[in-house]
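Biologist: I would like to learn how to read a protein model. Could you take me through it one feature at a time?

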Amino acid sequence: MTETLDRLAEQYQRSVPSDLRDAHGFDWYLETLYDDPTVARNAHQRLADMFDHYGTDTDGDVVEYKLASEDPLGEGANTFFGREVHEAIHEFVNKVKSGARGLGPEKRIILLLGPVGSGKSDVDRQVRRYYEDYTATEDGRLYTFRWTDLCSVVGDQDPNDDTVVSPMHQDPLVLLPHEQRQRVLEDLNDELDAPYTLRNDQSLDPESEFYMDELLAHYEDDLEAVLSNHVEVVRLVASENRRDCIETFEPKDKKNQDETELTGDVNYSKLAVYGESDPRAFDYAGAFCNANRGIFSGEELLKLQREFLYDFLHATQEQTIKPTNNPRIDIDQVIVGRTNMPEYRDKRADEKMEAFNDRTKRVDFPYVLEYEQEARIYEKLLANADIPDVHVEPHTLDMAGLFGVLTRLREPDADTVGLVEKAKAYNGELDDVDDVDPEKLREEAAESGESEGMSGVSPRFVGDEVAAAIMESMDRDREFLSPLTVFNRLEDNVDQHGSIPEGNVEGYRRLLELVREEYRERAIEDVRHALAYDLDEIQQQGEKYMDHVMAYIDDDTVADELTGRQQEPDETFLRAVEEQLAVPEDRKDDFRQEVSNWVSRRAREGEPFHPQDNDRLRRALEQKLWEDKKHNINFSALVSNAEIDEEHNDWVAALVDRGYSEGGAREVLEFAGAEVAKAELES
C-alpha cells in the first residue's frame, strides 16, 4: 500500500498525547492527582513502573522484561539474548524498584560494569528510548508548570521572559509550601495502589523561588491568586534529543573538564539585564539539570577526573547540585553510569575515591555464556544489515557462538567435564542423565573468584568476522556461508584485533580447534542423516522403544511384533538404542524415566508422540538406524573425487531438506563424507 501524506499525518497525530499542547490551571492538576496519584511519582518510581508497563515473562528465577526480550516498539529489532544479560537487567530493575521504595539505591549511582561489547550501552539506550515512549502514554504521563504574565508584576522582568517554563521541569506540587504539600501527599498515599509511597521534599529551583517570592509579595501571600493568575500546568514528555528529562553525558577533554557541564553556568546573555547575582541570570543547561525527573546516563563515567566525580557525591547522597556561586538545586533522577573493567579497577584501588565508590551500586553485564543465544546476537546483526543474498549454512553461527563462549569460560575443575561439555551444559544440552549439573559448574566458577563472562572475545569481534566471511564468500562466487569459511576468518584475524591481548592468541586458537572438532562431529552426523534417515522408520522404532520402556518401568510385558504373544521387554533392543548416546548401564533407568516423563507430559497436553521432537531420543534412534543401514551404503561414492551420480544427488537433496544450500551440501559431503567413508571402510 502506498503511503500518502494525510495517512502519515494521521499516524503521527495519533502518536502525540492528546493534551500535549494544553495548558491547565493548578486546581485541575490537584484534581488529576486525586484521580490518579501515580502522576506525582518521582523518577525512580516512574522508571520502575515503566518496566512492568511493557510486560514481563519469568524464566526460572529471572524476570525477563519484554522491552528487552521482545522490543515491542522496535518490532524485535533490538532484542537482547542470553541468561546473563537478562539477569543483569533484572538486577538493574530491582535496584530501581528499591530506589522507588526509598530503600537506598535512589541515593546511589547504578554502575553498569562489563567488558567491551557486553551490551550495557545498548541496554542503557533501550531504557532511555522506552522512557521517552512511556512518558507519552497515559500510564506514564507527567506534568510540569510555567510562569505566565510575569511582566505585569515583576518590574524589571525582560519582556522576552514574560512566560518562563520551570527550568528544572519540576512537578507542580513543589509550588505548594511544604506543610500544605504534605497534606496533599498524605491524601494521595491513602488512595495509592502501589508498592511505594509518594514523596516530594524538593524546594523550588532558585529562579522559580524568586518568582514565587515576588508574586506572593504582590498578592499579600495569597497563594491561590499566585497559582491561578500566573501558573499554567503543561504536559511533559521526555526527549533525549531535546534534553528533557533524559541526558547522556560523555567525558570530553580529560584536561579541561568543567563542573558547569554538570551543574549549569551563568547565562551571559542575561547578565546585562538582571545582574550577576540574580537567579534569573543562571543557565540551567547542565547535565544534571536536563536529566531532572528522568534519567542521567554517564558514558565511560569512571574516565572522568577524580575532582570532577566529586560533583556526583551531593547529586547522589543529598540529591542536590551546587553550582559555583549559586544556591543549591534539588534534583530527582535515576543516575546511571557505564564503565569497563580497567577503569573500574583503577578507581576501586584509589583510596581517595572511597566516598564515590561507596555511593555506587554495581551491576555486572557479562558476555553471554549460552552459545545458541550468542548465535542469535549474530543473527540480529545480520537481520539489521543490508547483507547480500547469502545462505547461512547449518551450524555456522552456532559454532561461531561456541568459539566466543569458550573464550569466556573458566576451565572446569572436574576431569570428567571438558570445556566444550561445560559450554553444552550452559546451553541446556546436558542434564542430570549426563551427570553434569550446570548450576554446580556456575557455582564452582563463582567460588574461584573468576567471574565468567567478564573477559574473552566480544560479540563485536566474532560478528565482524562473520560479516567479513560473508563478503569473502561473495568474492569467491559462493552463495553460501559455511562454518569452514568463518573458522578461517577467525584463525587468520584473532591476532589482529586490538581488544585481544597478545598472550591470549594461542589459547584462543586452541579453542578454535575444539570448535572445529565439534563441527566435524555435527557435520558427520548430518551426512549420516542424509545417507540413512527415514522418518517412518524413526517413528516406528521410537514407538517400539517407548512400548518396551513403559513395560520395563511398570514391570509389565509387551506384545511381540510378529506373534502378538506377551513377552518381557527386549533389553537387548533397549540397550542398543541407549548405547548410541553412551548411556551407561547404571544410568539406563534415569534415561528411561526421563523419556517416559517427556512422553507423559506431552500426552497430558494433547500432543502426539513424535520421537524426533525429543533431541536425545531422536539422536539415539538415528544412530541406531545408521548402524542398521550402513552396510547397504556405497561408501566409495562419498570420496570427493568420485563421479557425481544419482545416488550422490539424492544425498545432496537430503541435506538440502535439512537446511543446507546445494553448494553447502556438496561442501559438507566433501568435508565430512570422506571422514564417514574412511571410518566405515576401515571398520
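This is a predicted model: local features need pLDDT of at least 70, side-chain atom pairs count only at pLDDT 80 or more; totals for chains, interfaces and linings use all residues.

Biologist: How many helices and strands does the protein chain have?

Modeller: Helices (H or I, at least four residues) and strands (E, at least two) are DSSP runs, numbered from the N terminus. The protein chain has 29 helices and 19 strands. Its C-alpha trace spans about 105 × 60 × 55 Å along the principal axes.

Biologist: What share of the residues in the protein chain is buried?

Modeller: Buried means under 20% relative accessible area, exposed means over 50%, and partly exposed lies in between (1.4 Å probe, protein chains only). Here, buried residues make up 51% of the 683 residues.

Biologist: How should I read charge, and which residues gather in a patch of negative charge?

Modeller: Lys and Arg count as positive and Asp and Glu as negative, with His and the chain ends not counted. The place of a charge is NZ of Lys, CZ of Arg, CG of Asp or CD of Glu. The protein chain has 78 positive and 157 negative side chains, and the centres of the two sets lie 3 Å apart. For a patch, residues need over 30% relative accessible area and no salt bridge, and like charges are joined within 9 Å. Asp27, Glu31, Glu220, Asp221, Asp222 and Glu224 form such a negative patch on the surface. One of them, Asp222, sits in the loop between helix 8 (206-218) and helix 9 (223-230). Asp222 counts as partly exposed because its relative accessibility is 35%.

Biologist: And what about opposite charges?

Modeller: Side chains of opposite charge can pair when their charged atoms come close. A salt bridge is a side-chain nitrogen of Lys or Arg within 4 Å of a carboxyl oxygen of Asp or Glu. The whole structure holds 63 salt bridges. In one, Glu444 meets Arg410 at 3.7 Å, N to O. Glu444 lies in helix 20 (residues 438-447) and Arg410 in the loop between helix 18 (396-406) and helix 19 (419-426), so this pair ties together parts that are 34 residues apart in sequence. Both Glu444 and Arg410 are buried.

Biologist: Where do Glu585 and Arg575 lie?

Modeller: Their salt bridge has its closest N and O atoms 3.3 Å apart. Glu585 is in the loop between helix 25 (571-578) and helix 26 (588-604), and Arg575 is in helix 25, so the pair ties together parts 10 residues apart in sequence. Glu585 is partly exposed at 48% relative accessible area, whereas Arg575 is buried at 10%. Elsewhere, salt bridges that share partners join Arg83, Glu84, Glu87, Glu370, Glu439 and Arg442 into one network.

Terms used: Residues are numbered from 1 along each chain as its sequence is written. Side-chain values use heavy atoms; hydrogens and water are left out. Patches are made of residues with over 30% relative accessible area and no salt bridge: like charges are joined within 9 Å, nonpolar side chains (Val, Leu, Ile, Met, Phe, Trp, Tyr) within 5 Å. Accessible areas come from the Shrake-Rupley method with a 1.4 Å probe; for residues, only the protein chains shown count as cover.
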